[in-house]
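Dear colleague,

I am passing a structure on to you, and I would be grateful if you could look it over alongside the notes below.

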Amino acid sequence: MIVVGSGFGGGVAALRLAQAGVRVVVLERGRRWPTGPNATTFPSATDPDRRMLWYRSAAEILGRPVRVDPYLGLVESVVGENMTALCPAGVGGGSLVYQGMSLQPSREVFNTHFPEQLDWDLMNRVHYRRVASMLHLATAPNALINSPNYRAARCFARQVRQAGLPLSKIPMPIDWNFALAELRGEMRPSYTTGEGAMGVNNGGKFSVDVTYIKAAEATGKAAVWTQHNVTEVYRTPRGQWELHVDRLDDTGRVLQKKILTTRSLIMSAGSVNTTKVLVRAGALGHIGELPDELGQGWGTNADRIYNWTDPEADFGPVQGGPVVYGSLNWSDPASAFTVIQASMPPTPASSRSTMLVGYGVSASRGRFTYDASRDEASLHWPATGDSVIQNRYIGPAVRRIVGPRSTLVDTNRTVNSTWHSLGGANMGTVCDLEGRVRGQRGLYVIDGALLPGNCAACNPSMTIAAVAERALDRLVATDVGTTL
Ligand SMILES: Cc1cc2nc3c(=O)[nH]c(=O)nc-3n(C[C@H](O)[C@H](O)[C@H](O)COP(=O)(O)OP(=O)(O)OC[C@H]3O[C@@H](n4cnc5c(N)ncnc54)[C@H](O)[C@@H]3O)c2cc1C
């Protein structure tokens, strides 16, 4: 069977199916990004280069024109109406470039925004716990936080407490001993200078490539075919799935065109790319009778990025990261949101400025429709999307945290963007809770596209992986040997 994509959804699917004895081929459009102490695999956050950008991206990142040579880089910038979605690429998907904030929603917020049949208690006991163990989640040790490089984190914590808001440490998929070793000068800094914003070079990050994918490959049943970009999916008259695939060189040049046929197909290309491939296939009649709701119900998790400047602050010449503290404002499930501080790469401004990120629950939804002039599905987002949670909750809380003397730049006002695309093939409408696409035997969606357009005030990766773990438990029990 074939899995398209090797991020959180694809990693879980590949491992659990391989462990069940199923032969799995994972088609991943991007490259491998091996790390280790003193590696230089990932681009520098202060001096970005072609490794940063996926070659088919819009030639901009967050509204700024980017001119780099074409490369199978780490992030694809997908520009839609009123929204730019940043989509990861590479073996491990978003876990390569994500900060790694791994929050699990509370029961109340989860049950308000997800189908209750997912059973939060079971997921809490089994699936979230399994993900936490696979990704070795841990919070930053005080020895690190108390070091000079973590002044910005300490300052954020103080301001949150002064504002009377809740404060917690954020679980991260990081062996913090690597950061402590950096402070001792034993390896080139990656965490402790904020240099890891585009991928952590020195190792110690439990990304999906070195956890789920590595374990899947170790079974001998799963193979990852890198630099294989799926361009089209068809359902054949015999009910099989035919994939048109380009094998790419490092610059995106097509080396070979392949056609692969499989009885069962799991789409794990991420919310945007899974949705785009399926919406186009439906519009062109390559797959008949796809559910009408496909492409709808897409959300941003109400992502917000702020630049916080305090003229009297001393955040220090460098800011350690990736993330230490957050403020989890989850008491009302209808308006739950989170604010965190993330390190800024060293710049002349960084002793007075740092980054704040907000996200939360929102009823706003966008949709993908097929655009014949571009021969692709494109994203439409309402101009006032996420305004309720933003204007009434996230924005005011961030202002309270930074205090009156600070300046806040809400970058989403300049370029509306999200790192947390969710939905498009939502559970409950397009798919069932295990990712089976309605009316399409052998076709599954196991990734962020399955989630209901928001993630209950949390960063999505932990829930995408936990929903995938839950789904795979059931698919292994019921579908392996029949459709899988
Ligand atoms: C800069 C950044 C920071 C983030 N920080 C956090 C964070 O701190 N915490 C958190 O929880 N989340 C964070 N996220 C979001 C998180 O990375 C995503 O929610 C998560 O990775 C989505 O998982 P997924 O399985 O749906 O897809 P992905 O992880 O995106 O994986 C999809 C994979 O499919 C591949 N693919 C796509 N199209 C094709 C195709 N046509 N053919 C073959 N392969 C294809 C892609 O290359 C990719 O590897 C961040 C995202 C970004 C971009």
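This is a predicted model: local features need pLDDT of at least 70, side-chain atom pairs count only at pLDDT 80 or more; totals for chains, interfaces and linings use all residues.

Residues are numbered from 1 along each chain as its sequence is written.

I begin with helix α1, residues 8-19, where helices (H or I, at least four residues) and strands (E, at least two) are DSSP runs numbered from the N terminus. At 1.5 Å a residue, taken times one less than the number of residues, its 12 residues should span 16 Å, and this agrees with end C-alpha atoms that are 17 Å apart. Of these 12 residues, 11 are buried, a word used here when 20 or more other C-beta atoms, placed from the backbone, lie within 10 Å of a residue's own. Among the buried ones are Phe 8, Val 12, Leu 15 and Arg 16, and their cover includes β1 (2-4), β2 (24-27), α7 (212-218), β8 (222-225), β12 (265-267) and α11. After α1 comes Gly 21, with a positive phi near 95°.

The ligand is surrounded by 41 residues, each with its C-beta atom, placed from the backbone, within 6 Å of the molecule; the closest are Gly 5, Gly 7, Gly 93, Gly 94 and Asn 459. Two or more residues of this shell come from each of α1, β6 (83-88), β9 (228-235), α8 (271-283) and α11.

Helix α11 (residues 461-478) also meets helix α3 (residues 120-134), their axes coming within 8 Å and crossing at roughly 115°, where axes are lines fitted to C-alpha atoms over the stretch in contact and angles run from 0 to 180 degrees between N-to-C directions. On the α3 side the contact (C-beta atoms, placed from the backbone, within 7 Å) is made by Met 123, His 127, Tyr 128, Arg 130 and Val 131, and on the α11 side by Met 462, Ala 465, Ala 466, Glu 469 and Arg 470.

Finally, Thr 211 sits in the loop between α6 (177-183) and α7, and it is buried because 22 other C-beta atoms lie within 10 Å. Thr 211 is 200 residues from Gly 11 in sequence, yet the two are 8.5 Å apart in space, C-alpha to C-alpha. Leaving aside residues up to four places away in sequence, Thr 211 touches Met 134, Leu 135 and Phe 206.

With best wishes

Note on methods. Two residues are in contact if their C-beta atoms, placed from the backbone, lie within 7 Å.
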